[in-house]
Amino acid sequence: MAGSTEFAPVSEALSMLAAKTHPAGPPLWLLAELTYQCPLHCVFCYNPTQHARIKDELTTAQWVDVMRQARKLGAAQLGFSGGEPLVRDDLEELVQEAHALGYYTNLITSGVGLNEARAQRLKDAGLDHIQLSFQDSTRELNDFLSHTKTFELKQKVARLIKAHDWPMVMNCVLHRHNLPHVDQIIEMALALDAEYLELANTQYYGWAWVNRDHLMPTHEQLIEAEAVVNRYRDKIGKRCKLLFVVPDYFEERPKACMNGWGSVFLSVAPDGVAMPCHNARDLPGLKLPNVRDMALADIWQKSQAFNAFRGEDWMKPPCRTCDERHKDFGGCHCQAFLITGDATQADPVCSKSPHHDKVVQLVKKAPAQRHIPIVFRSDAESRVLHPEA
Amino acid sequence: MIPTHPKLSRRFRLQYEEAQTRWVLLYPEGMVQLNDSAAEILKRCDGERTVAEIVTELETAFSVQGLTTQVESLIEEGGRRGWID
């Protein structure tokens, strides 16, 4: 407002992350996937199933350089994720650097590896927030789905987070096994003083795609769970914000994936591969740039991968002429690829897609497919699924 | 009901972003992009100033009158969204 006498109406004051019309505005989000290593073995992990084949993690100095470049481009939110980012013993150093650069720093963790000493060091380094994942409100299911004994540990970590006065987002991935526990999951979040609870229904990428038949809920389960969530919202008010993410397969319109390709989101994988979406590694036809070879500004503005689906030029019918294309940007390309074999198709979640019936059938046929063994994420299974390298 | 001495919640960080040429509110995994007016109001929500003082200050600084309704409605909205204690 400096130098201006104009006082815009407050009704115009609140714009959430708006869709960008400019072909390459600044990235606002940097997701730093520090490592694909993880002590858990979750059946719904969204990491690429070839994680065990992906070696050669960026060094501390390389990450610092990435953070500096991204901050200069405009990124303000920074997520330290993985795998399990606490596996990296330079996490504190990276957080300290990120804090000094002016990022809002988020640690997205399973909690494994967070003890009192590390929590204090991360606090001193300036970490702003921790998102802690739970698999369920019961020890049995939590430990089964992650194939670890981590339920008590996570409770302990949640208390540690609050003892250090961090805001806490509790995240629980939902599927047919735990949807009936949604009330208990909310009660757990309340008991642990989480400010936010993300009830994230499984989306089918990575390991979750492999295990989709085992995870697929029914419409009835989803309706029931959402009703429970709404009842709690009325009851608890602002005490804890409940986010219920409906799974794509049960929708008629796609999500505005990544808020548009190359619009606000920049993901850097452990090996330095930069992607407009952390699941984009498998998309055919993308020449994925690496931060070791290319300046981040060039990656963001000029690389083939970041421009592949930027704007609307890529769109085919039904997206091209759809009056909702500015709202959902054609949905998710990874989903289009997984289900139709063609990443340039409209997200088949959309009922206007000629491939929509494939989604309907995936849901419908899931119960009959449960003789296929469930696959826990592990290095060994990763190598079985990707024997080539 | 709006607070007599509005205060930006400690769970939100108000920060100027050079690349966006605007003020933003940062919170866990999220960002609200503010226009200049909203930012000028929120900057003054320090738990010390009253709503009336904030209004007077802005009217003086920007040589305008009649900002009470706008200031109150932003503070009310901020309260609803959890930005303001």
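Biologist: How do helix H2 and helix H3 of chain A pack, at what angle and how far apart?
Modeller: Helix H2 (residues 91-101) and helix H3 (residues 116-125) of chain A pack at an angle of about 20°, with axes 8 Å apart. Axes are lines fitted to C-alpha atoms over the stretch in contact, and angles run from 0 to 180 degrees between N-to-C directions. Helices are DSSP runs of H or I with at least four residues, strands are E runs of at least two, and both are numbered from the N terminus.

Biologist: Parallel or perpendicular?
Modeller: H2(A) and H3(A) are roughly parallel. Angles under 35 degrees count as roughly parallel, over 145 as roughly antiparallel, 65 to 115 as roughly perpendicular, and the rest as oblique.

Biologist: Which residues make the contact?
Modeller: From H2(A), Glu92(A), Val95(A), Gln96(A) and His99(A). From H3(A), Arg121(A), Leu122(A) and Ala125(A). Contact means C-beta atoms, placed from the backbone, within 7 Å.

Biologist: Where does this model come from?
Modeller: This is a predicted model: local features need pLDDT of at least 70, side-chain atom pairs count only at pLDDT 80 or more, and totals for chains, interfaces and linings use all residues. Residues are numbered from 1 along each chain as its sequence is written, while chains are lettered from A and ligands numbered from 1 in the order in which they are written.

Biologist: OK, step back. How many helices and strands are in chain A?
Modeller: Chain A has 15 helices and 10 strands. Its radius of gyration is 21 Å, close to the 21 Å that the globule rule gives for 389 residues, so chain A is as compact as a globular protein of that length. That radius is taken over C-alpha atoms, and the rule is 2.2 Å times the number of residues to the power 0.38.

Biologist: What percentage of chain A is buried?
Modeller: Buried residues make up 47% of its 389 residues. Buried means 20 or more other C-beta atoms within 10 Å of the residue's own, exposed means 12 or fewer, and partly exposed is in between; C-beta atoms are placed from the backbone.

Biologist: Which residues have the most contacts inside the largest nonpolar core?
Modeller: Leu30(A), Ala75(A), Leu78(A), Met168(A), Met170(A) and Leu25(B), in a core of 128 residues. Strand S6 (residues 168-174) of chain A gives the largest share, six residues. A nonpolar core is a set of buried Ala, Val, Leu, Ile, Met, Phe, Trp, Tyr and Cys residues joined through C-beta atoms within 7 Å.

Biologist: What does Leu30(A) touch, beyond four places in sequence?
Modeller: Met67(A), Ala70(A), Ala75(A), Leu78(A) and Leu266(A).

Biologist: New topic. Is Arg281(A) buried or exposed?
Modeller: Arg281(A) counts as buried, because it has 20 C-beta neighbours inside 10 Å. Arg281(A) sits in the loop between strand S10 (274-275) and helix H10 (296-301) of chain A. Leaving out residues up to four places away in sequence, Arg281(A) touches Pro48(A), Val273(A), Met275(A) and Leu288(A).

Biologist: And chain B, what pattern does it follow?
Modeller: Along the sequence, chain B reads β-β-β-α-α-α. Of its 85 residues, 35% count as buried.

Biologist: At what angle do H2 and H3 of chain B cross?
Modeller: Roughly 130°, and the axes of H2 (residues 51-61) and H3 (residues 68-80) of chain B come within 10 Å. That makes H2(B) oblique to H3(B). Val51(B), Ile54(B), Val55(B) and Leu58(B) in H2(B) meet Thr68(B), Val71(B), Glu72(B) and Ile75(B) in H3(B).

Methods:
Contact = placed C-beta atoms within 7 Å.
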